[in-house]
Amino acid sequence: MPEPQRAQWNQEDENVLLDYLLEHKSEAGDGGNFKQTVFEAAAPLVEAIREVGAPKTASVCKGKFVALRKTYQLVLKLRSLSGWTWSDKTGCSITADSLGTWEAFIAKTPAAKPFKNKGWAHFDKMTLILPDMAVRGGNVYRPSDGATGVDTPPPPTPPSAPPPPPLLSPSPCMSPPWDIEEYGVDSPNNDESQELLPTTPAPLKKRSAPNSPHVAPKRVRLNEQARIMLSLSESVSRASNSIERLTTPSTPHSTTIESTPKRCQRAICMAQCELWLEVPQHIALIKLLQANTNATVDTYLVLTDQEVREAWIKNELDIY
């Protein structure tokens, strides 16, 4: 029984098939997989120019495209290997100097043998049909570039920049949606050797919010319990002063007690978390902490009870 005839393909047949698939690229699924109906529509076009071999049916056309996709993957690999310069005309451009490495490669990848000194005419069309595969192929470039392999050592990786130093913050808190620099308040000096000098608080400037009218704060009258708490805070303040005088060493450089600028900085960070205050009252509190004695800052820092601290702030800022 005679052996069944097999389909034979030439470059023109392949071009007709690829041109049709390129026109219907939008019908391809993931990985460039076309449905059977696409190959059924392409088969008559390829069959119309057949000269020899078995008829080119839809199944034959599909099998041919699968083979071309494997060749495309191989060429992508060849273009990224070391020691050779790829060209559409001369392929891997193997010379006498690179023949040894080529023969060792062919022993493991015999399918690459046709590309020793011959290119592949369908690379550009396959790249358009399978753009995702071209990206995954790595080191992909235009055929005219003539880029060499990876024998040249890669450029050194630039050293990464050191991480920024952590900000000093007594506790995680929400930063209010305003900038204190807009209201003329300077941040405390971070130099530990320099003490903040008491100054007279500057009068508050009237500022209205850009999109909403300023609403005057409600005057709150303190009850008996609040007045007791205020009296307690004053006692704590006096006790803090006594403790500071007793524990401060005679030497100017102390390592056990936090310096005044840092305590002031912590207090200002906490002040920004008093979200019940309005913006002008925030600024007044910050200026109070900047300008007054250590006792004011220390008292504010030790008032951990929210109600007591609010009562103390209202008393200091004359909020009724």
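Reply: H8 and H9 pack with their axes 10 Å apart and at an angle of about 165°, and that makes H8 roughly antiparallel to H9. Helices here are DSSP runs of H or I with at least four residues, strands are runs of E with at least two, and both are numbered from the N terminus. The axes are lines fitted to C-alpha atoms, for helices over the stretch in contact, with angles from 0 to 180 degrees between N-to-C directions; under 35 degrees counts as roughly parallel, over 145 as roughly antiparallel, 65 to 115 as roughly perpendicular, and the rest as oblique.

This is a predicted model, in which local features need pLDDT of at least 70 and side-chain atom pairs count only at pLDDT 80 or more, while totals for chains, interfaces and linings use all residues. Residues are numbered from 1 along each chain as its sequence is written, and side-chain values use heavy atoms, with hydrogens and water left out.

The crossing of H8 and H9 is right-handed, a term for the near helix being turned clockwise from the far one by less than a right angle, left-handed being anticlockwise. On the H8 side the contact (heavy atoms within 4.5 Å) is made by Cys264, Ala267, Ile268 and Ala271, and on the H9 side by His282, Leu285, Ile286, Leu289 and Gln290. By class, this contact has seven nonpolar, two polar and no charged residues, where Ala, Val, Leu, Ile, Met, Phe, Trp, Tyr, Cys and Pro count as nonpolar, Asp, Glu, Lys and Arg as charged, and the others, Gly among them, as polar.

His282 lies in helix H9, which covers residues 279-291. His282 is buried because its relative accessible area is 2%, and buried means under 20%, with exposed over 50% and partly exposed in between, for a 1.4 Å probe and protein chains only. Although His282 and Ile268 are 14 residues apart in sequence, their C-alpha atoms are 9.6 Å apart in space.

H8 (residues 260-271) also meets H10 (residues 294-302), the two axes coming within 10 Å and crossing at roughly 50°, so H8 and H10 are oblique to each other. Here H8 passes H10 in a left-handed crossing. The H8 residues involved are Thr260, Arg263, Cys264, Arg266, Ala267, Met270 and Ala271, which meet Asn294, Val297, Asp298, Tyr300 and Leu301 in H10. By class, the contact of H8 with H10 has seven nonpolar, two polar and three charged residues.

As for the whole, the protein chain has eleven helices and zero strands. Of its 320 residues, 33% count as buried, and among contacts with a separation of 6 or more, 72% are between residues 24 or more positions apart.

Away from these helices, Thr109 lies in the loop between H4 (99-108) and H5 (123-129), and Thr109 is buried because its relative accessible area is 17%. Leaving aside neighbours within four places in sequence, Thr109 is in contact with Leu74 and Lys77. Ser93, in the loop between H3 (58-80) and H4, has a positive phi of about 55° although it is not a glycine, and Ser93 is partly exposed because its relative accessible area is 24%. Asp318, in the segment after H11 (306-316), is a residue other than glycine with a positive phi, near 60°.
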